[in-house]
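Have a look at the model, then go through the points below.

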Amino acid sequence: MDKLLVHGGHPLRGVVTISGSKNASLPILAATLLTDEPCIIRRVPDVSDANYMLQILQNLGASVERSSGTVRIEAEDIRPVAPYDLVRKMRASICVMGPLLARLGEVTVSLPGGCVIGDRPVDLHLRAMEALGAQVEVESGNVIVRAPDGLRGAEVNLRGKHGTTVLGTDNLMMAAVLAEGVTVIEGAAAEPEVADLADFLIGMGAKIEGAGSQRIEIEGVSRLGGTEHAVIPDRIEAGTFMVAAALAGEEVELRRVLPRQVVAVTEVLRAAGHDVIEGEGRITVRRGSDPKGARIVTEPYPGFPTDMQAQMCALFATTPGISVVTETVFPERFMHVAEMKRMGAKMERTGGTVVIEGVEALSGAPVMASDLRASAALVLAGLAAHGTTEINRLYHIDRGYEHIDDKLQALGAEVERRKD
Ligand code: UD1
């Protein structure tokens, strides 16, 4: 199992190019199941979640060719049963459900279990499939969804207890594109990754309006064809490097980023006293001379992303004054807090809120990565800490950050990947 040693105290400076979005790639790769024609997808990041999705597609019968960031998938002859061993490794594999159901009229997929960021149910996904006329059964840990007479368009409200659902919106959209008639999704996730999936589906011949807003209208078509698509830049990777620059940087320029997709992070960094300069496809972040505490509340897009919450905690850990972080999307998502406390952070959690009193510096320590974004936050914390931080279970970070060690090194950080 790999670990990362981060030797703190080397300021970041230079240019970093942002990779294609992991969260946009996963449903787009799954959407290739909707056609028997070849699809070509560019800027698929080399991260293990994308690789799991490609393995799942292959296991379902698709042919997959990959050459660096470009993937060619041809799902000519596929079967409707997603293999448990692969599915259990990644919750996002649930998004093969919509396309398999739409194309084959049935699908069997394992129910995802809980994970360290809390209970992650799929009730809204299942409700959506039922609304289109499918029957849902749960048997031996699998969900079996059948629509022997095809799917029919319907009006579906995706608002749940913790707001809407991103992958649930994706699944519904992918099922509805081949359903008979019109589907209206109310309370849809407005995340840019949903809009990117819609662009891909439209390229395949789907009729979709309103993706990227909370109301999406889909007119079903009888078949879809192959297409080519380039995945949008990863706004969470971008946000992570923006926070790295504010925390441990002098000046870092991010390239191939869409500034409008990271506005929530930009605003908080500015409120915390850092300079963020937006350009065409680029952003420059300079650490401010007088940083101060700030407040964030995570919310669905365009609110502050839950996937950036842990990294912000790392920044606030050494920001003078009091910062308050409230998590509304996954209220249990605070595994990083205990690890940062081991590095000397002053953080008090009550329910879904953490109050952080900035200390002058953290000290390096062995810490345990628990999920993807929490791991990234520990790397950030290590960049500015005294001494060496050893981040174990690095596979979490490799799930979603393309070559993070190389990118940080190119900016002047001292990081080493080690095998145990
Ligand atoms: C996606 C992202 C993940 C991000 C999350 C929220 C991908 C691959 N992953 O995950 O990085 O943190 O959006 O922005 O794109 N919920 C239900 N019932 C459901 C589905 C979800 O109650 O059927 C709840 C969840 O427990 C959570 C909230 O809704 O509290 C939002 O989850 P959701 O948007 O579905 O997250 P994902 O799509 O799984």
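**Around strand β1**

L4 sits across from R417 in β23. This is a predicted model, where local features need pLDDT of at least 70, side-chain atom pairs count only at pLDDT 80 or more, and totals for chains, interfaces and linings use all residues. Residues are numbered from 1 along each chain as its sequence is written, and side-chain values use heavy atoms, with hydrogens and water left out.

*The strand and its partners*
- β1 (residues 2–7) has 5 of its 6 residues buried, so the rest of the structure largely encloses it; buried means under 20% relative accessible area with a 1.4 Å probe, protein chains only.
- With β23 (residues 414–419), β1 pairs antiparallel over 6 bridges; strands are DSSP E runs of at least two residues, numbered from the N terminus, and two strands pair if DSSP finds at least two bridges between them.
- β1 also pairs antiparallel with β22 (residues 388–392), over 4 bridges, and there L4 has I391 as its bridge partner.

*The sheet*
- The order β21-β22-β1-β23 makes an open sheet of 4 strands with mixed pairing.
- β21 (366–368) and β23 are the edge strands, each pairing on one side only.
- β21 runs parallel to β22 over 3 bridges, with M368 bridging to N392 in β22.

*The second largest pocket*
- Its lining residues divide into 6 nonpolar, 5 polar and 2 charged. Here Ala, Val, Leu, Ile, Met, Phe, Trp, Tyr, Cys and Pro count as nonpolar, Asp, Glu, Lys and Arg as charged, and the others, Gly among them, as polar.

How values were computed
Buried < 20%, exposed > 50% of the residue type's maximum accessible area, 1.4 Å probe, protein only.
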